[in-house]
Amino acid sequence: MPIVTVQQGPRNVELKRELVKRITDAFVDAYQIPAETVQVWIHEVPTDSWAAAGKLIADS
């Protein structure tokens, strides 16, 4: 059973639904496995707890 972890900033539920569907479909197509065996975990990190290029994303 594949388990995919996505680390990202906060997104709305509609975008997360689409992401989970596409990730699941990719595994079904690539591995020829049932969709029920694919798990996707979304770990959302607040923008004040994530940084890039030396700056908090919240400050961008």
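**Burial, fold and side-chain pairs**

Guide: In the protein chain, 17% of the 60 residues count as buried, where buried means under 20% relative accessible area, exposed over 50%, and partly exposed in between (1.4 Å probe, protein chains only). The model is predicted: local features need pLDDT of at least 70, side-chain atom pairs count only at pLDDT 80 or more, and totals for chains, interfaces and linings use all residues. Residues are numbered from 1 along each chain as its sequence is written, and side-chain values use heavy atoms, with hydrogens and water left out.

Visitor: In what order do the elements of the protein chain run from the N terminus on?

Guide: Helices (H or I, at least four residues) and strands (E, at least two) are DSSP runs, numbered from the N terminus. The protein chain holds 1 helix and 4 strands. Read from the N terminus on, their order is β-α-β-β-β.

Visitor: What radius of gyration does the protein chain have, beside that of a compact globule of 60 residues?

Guide: The C-alpha trace spans about 45 × 20 × 15 Å along its principal axes. The radius of gyration is taken over C-alpha atoms, and the globule rule is 2.2 Å times the number of residues to the power 0.38. A compact globule of 60 residues would be near 10 Å, but the protein chain has 14 Å.

Visitor: Which residues make up the largest nonpolar core?

Guide: In soluble globular proteins, nonpolar side chains tend to be buried together. A nonpolar core is a set of buried Ala, Val, Leu, Ile, Met, Phe, Trp, Tyr and Cys residues joined through side-chain atoms within 4.5 Å. Here the largest has 5 residues in all: Val-4, Val-6, Ile-23, Val-38 and Val-40.

Visitor: With which residues is Val-4 in contact, leaving aside its neighbours within four places in sequence?

Guide: Contact means heavy atoms within 4.5 Å. In the protein chain, residues 24 or more positions apart account for 59% of the contacts with a separation of 6 or more. Neighbours within four places aside, Val-4 is in contact with Ile-23, Phe-27, Gln-39, Val-40 and Trp-41.

Visitor: Is Gln-8 buried or exposed?

Guide: Gln-8 has its place in strand 1 (residues 3-8). Not counting residues up to four places away in sequence, Gln-8 touches Lys-16, Leu-19, Ile-42, His-43, Glu-44, Val-45 and Trp-50. Its relative accessible area is 12%, so Gln-8 is buried.

Visitor: How many residues apart in sequence are the parts that Glu-44 and Lys-16 tie together?

Guide: A salt bridge is a side-chain nitrogen of Lys or Arg within 4 Å of a carboxyl oxygen of Asp or Glu, and the side chains of Glu-44 and Lys-16 meet in one at 3.3 Å, N to O. Because Glu-44 lies in strand 2 (residues 39-44) and Lys-16 in helix 1 (residues 13-31), the pair ties together parts that are 28 residues apart.

Visitor: How many salt bridges does the count come to?

Guide: Side chains of opposite charge can pair when their charged atoms come close. Besides Glu-44 with Lys-16, Arg-22 forms a salt bridge with Glu-18, the closest N and O atoms being 2.7 Å apart, and Lys-21 meets Asp-25 at 2.8 Å, N to O. By this rule the count comes to 3.

Visitor: Is Arg-22 buried or exposed?

Guide: Arg-22 and Glu-18 both lie in helix 1, 4 residues apart, about one turn of the helix. Glu-18, at 36% relative accessibility, counts as partly exposed. Arg-22 stands at 58%, and therefore counts as exposed.

Visitor: What is the area of the nonpolar surface patch made by Met-1, Ile-3 and Trp-41?

Guide: Patches are made of residues with over 30% relative accessible area and no salt bridge; like charges are joined within 9 Å, and nonpolar side chains (Val, Leu, Ile, Met, Phe, Trp, Tyr) within 5 Å. Accessible areas come from the Shrake-Rupley method with a 1.4 Å probe, and for residues only the protein chains shown count as cover. Ile-3, in strand 1, is partly exposed with a relative accessible area of 44%. The patch of Met-1, Ile-3 and Trp-41 comes to about 370 Å².

Visitor: How far apart in space are Ile-57 and Tyr-31, C-alpha to C-alpha?

Guide: Ile-57 is placed in the segment after strand 4 (55-56). Leaving aside neighbours within four places in sequence, Ile-57 is in contact with Thr-47, Trp-50, Ala-51 and Ala-52. Ile-57 and Tyr-31 are 26 residues apart in sequence, and their C-alpha to C-alpha distance is 35 Å.
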